[in-house]
Amino acid sequence: MLENMKTFCDIRLDNMNARLWWRFPNLKEVGLQVEDEPKFPLFPIPEVHTRLQSVSLKFSLNKVFNSVGWERYFVFPSNIRHLYLGGCFLMEDMVLNIARLKKLESLKLHVGFPLMRLQSFRKRSWDVTNVEFPALKYLGLFLMQMKEWKASEESFPVLEKLVIRGGFIKEIPPSFADIPTLKRIELSNYMESLGVSAMNIKREIEENTGCDSLHVLAVNQI
């Protein structure tokens, strides 16, 4: 019966039970609270969870500043379509691990700290200019601890919806005006400059296409 389990959520994960959920190959949804520094990969290699669609990982807040270097343990199953990451450093290798998910349609990042190579934590820049998320339709950035965000038009080629809530993001990359599928931007508890950048993107799309195709919803400017 346990082998047929399809949902495994809100499980506190430490090194005492880190491989417990490996026993359930038919899982479609996994939600884990990461408490300890991993000692081995979180997901089995080779892949056994071929039906897994949704993964949620929440990192304990008192461990987040120790999570640099953990990304080598988070090579996600390739068939994932929905991914939530809460409270982790977005090291370059972690971002590349996400970008390898060619079927990923929804990505939610909550209280993430960008820390790419050769960059200081103080700068807090997230540069995905040379990274592509080929199937991503929804991107949610919630209370992200980054100030600068760089991306190219190839980074999110089929994105339909961008949601930003809180955090310190100053500007949406101008390249978003070149995403033909983009239909909606939602902002809340946002900085004025972020709202201005969203409206600039909307205006540029209208000028380039002659269509008012992008809807911008912005509430609670700070």
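**Aromatic pairs and a nonpolar cavity**

Q: Why is Phe59 called buried?
A: Phe59 has 5% relative accessibility, and buried means under 20% relative accessible area (over 50% is exposed, in between is partly exposed; 1.4 Å probe, protein chains only), so Phe59 counts as buried. The model is predicted, with local features needing pLDDT of at least 70 and side-chain atom pairs pLDDT 80 or more, while totals for chains, interfaces and linings use all residues. Residues are numbered from 1 along each chain as its sequence is written, and side-chain values use heavy atoms, leaving out hydrogens and water.

Q: Why is Phe74 called buried?
A: Phe74 counts as buried because its relative accessibility is 0%.

Q: How many aromatic pairs are there, and what makes the pair of Phe59 and Phe74 edge-to-face?
A: The count is 7 aromatic pairs, where rings of Phe, Tyr and Trp (its six-membered ring) pair if their centres lie within 6.5 Å, and planes under 30 degrees apart count as stacked, over 60 as edge-to-face and the rest as tilted. Phe59 and Phe74 lie 5.5 Å centre to centre with 70° between the planes, and the pair is edge-to-face. This pair links distant parts of the chain, Phe59 in strand E3 (residues 54–59) and Phe74 in the loop between E3 and strand E4 (82–86), 15 residues apart; strands (E, at least two residues) and helices (H or I, at least four) are DSSP runs numbered from the N terminus.

Q: What makes the pair of Phe133 and Phe156 stacked?
A: The centres of Phe133 and Phe156 are 5.2 Å apart with 5° between the planes, and the pair is stacked.

Q: How do you know what class of residue lines the second largest cavity?
A: A cavity is a set of points on a 1 Å grid over the protein atoms alone where a 1.4 Å probe fits but cannot get out, and lining residues have an atom within 4 Å of a point. The lining here consists of Leu90, Val95, Ile98, Leu107, Leu109, Trp126 and Phe133, with helix H1 (92–99) and strand E6 (106–110) each giving two or more residues. Ala, Val, Leu, Ile, Met, Phe, Trp, Tyr, Cys and Pro count as nonpolar, Asp, Glu, Lys and Arg as charged, and the others, Gly among them, as polar; the lining therefore has 7 nonpolar, no polar and no charged residues.

How values were computed. On a 1 Å grid over the protein atoms alone, a cavity is a set of points where a 1.4 Å probe fits but cannot get out, and a pocket is an open set with protein on both sides within 12 Å along at least five of seven lines; lining residues have an atom within 4 Å of a point.
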